[in-house]
Amino acid sequence: MDFSEKARLAERAARAAGEMLEHHGAFTVRRKSENDFVTEMDFKSESLIRETLLSACPEDEFFGEETGGASRAEGRWVVDPIDGTANFMRGQRLYTISIAYEHAGELVVGCVYCPGTDELFLAERGNGATLNGKPIHVSGVDALRNSLIHLGFGHRDPKCLERTLALFPHLIASISDVRRSGTAAYDMCSVAAGRAEAFVELGLNLYDYAAGYVILTEAGGRFSGWDDGEDGLTSGNVVATNGLLHEAVRDLLKV
Ligand code: IPD
């Protein structure tokens, strides 16, 4: 795939962070709020990624989960240095590094790297989506009954949690099964790679899904908010599907 320099830079930064995270020693952990943790490694990863990106592109701005940054710019990197911190700090293998590039308000590059499985998802607007260099596409499953749906519980916000839990009886009765990975970026890539038909979660932040959004849509998937007319990119209430089941999944969420 003929990706641009920006895409290749995102890949280099994600791989460098992954290499560091896979070889860490002991690290400190701090509680940001109930059920929300940050480790010393989240900060180290963000710092390494920022340095790698901005030394190559000093004209760009940066926005990261741990240190914040520019809320808008002509060119901006949107970074989650460890998506799935709760998995990472317990030694679970599913955690990701998520890097997106936004140009003039449009997300144009997405890179999600999972060091534990050595899977690198890379996509660029108009150029397709890949997994370890090979093109990927969403699944052709068009029956809800046969679908696998990844979801997050939105468990840090009581309202999101309540709405998500209320879905369960109807959801479980209508589909094949559910999955909870612990990393929203990986969930979106799972849909992009045709391993599941949908991912839904309320109350996410842009850095959780910015890169996954580019990968999913370039793999032929569809992305929206939960409620009619809601923009998932700004609300953080995310419905990411293989496209074929988009409306059916959104209907399921209307309880
Ligand atoms: C979290 C993960 C998780 C999702 C949470 C996110 P973090 O990101 O993506 O799957 O359920 O809502 O906050 O905090 O590990 O970067």
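The lining of the largest pocket takes at least three residues from each of domain 1 (4–136) and domain 2 (144–252), with domain bounds coming from an automatic or database domain assignment. Keep in mind that this is a predicted model, where local features need pLDDT of at least 70, side-chain atom pairs count only at pLDDT 80 or more, and totals for chains, interfaces and linings use all residues. Residues are numbered from 1 along each chain as its sequence is written, and side-chain values use heavy atoms, leaving out hydrogens and water.

**The two domains**

- The centres of domain 1 and domain 2, taken over C-alpha atoms, are 20 Å apart.
- To the contact (heavy atoms within 4.5 Å), domain 1 gives 36 residues and domain 2 gives 25 residues.

**The largest pocket**

- A pocket is found on a 1 Å grid over the protein atoms alone: it is an open set of points where a 1.4 Å probe fits, with protein on both sides within 12 Å along at least five of seven lines, and lining residues have an atom within 4 Å of a point.
- The largest pocket holds about 600 Å³ of space, where grid points are joined across faces, edges and corners and the volume is the space filled by probe spheres set on the points.
- Which residues come closest to the centre of the largest pocket? Of the 30 lining residues, they are D36, H155, R156, E201 and D208.
- Two or more lining residues come from each of β2 (36–39), β5 (75–83), α3 (85–89) and α6 (206–218); helices (H or I, at least four residues) and strands (E, at least two) are DSSP runs, numbered from the N terminus.
- This lining has 8 nonpolar, 10 polar and 12 charged residues, where Ala, Val, Leu, Ile, Met, Phe, Trp, Tyr, Cys and Pro count as nonpolar, Asp, Glu, Lys and Arg as charged, and the others, Gly among them, as polar.

**The second largest pocket**

- About 180 Å³ of space lies here, and the lining again draws at least three residues from each of domain 1 and domain 2.
- Among the lining residues are R76, E102, R125, Y213 and T234.
- At least two lining residues each come from β7 (106–114), α6 and α7 (232–235).
- By type, the lining of the second largest pocket splits into 4 nonpolar, 2 polar and 4 charged residues.

**Helix α1**

- Buried residues of α1 include A7, A10, E11, A14 and L21, where buried means under 20% relative accessible area, exposed over 50% and partly exposed in between (1.4 Å probe, protein chains only).
- Their cover includes α2 (40–56), β6 (96–103) and β8 (119–124).

**Residues to find in the model**

- N35 sits in the loop between β1 (29–33) and β2, and its phi is near 65°, a positive value in a residue other than glycine.
- Is N35 buried or partly exposed? N35 is partly exposed because its relative accessible area is 35%.
- Not counting residues up to four places away in sequence, N35 touches H155 and R156.
- N132, in the loop between β9 (128–131) and β10 (134–135), also has a positive phi, near 45°.
- S190 lies in helix α5 (residues 184–192) and is buried, with a relative accessible area of 3%.
- Leaving aside neighbours within four places in sequence, S190 is in contact with H150, R195 and A196.
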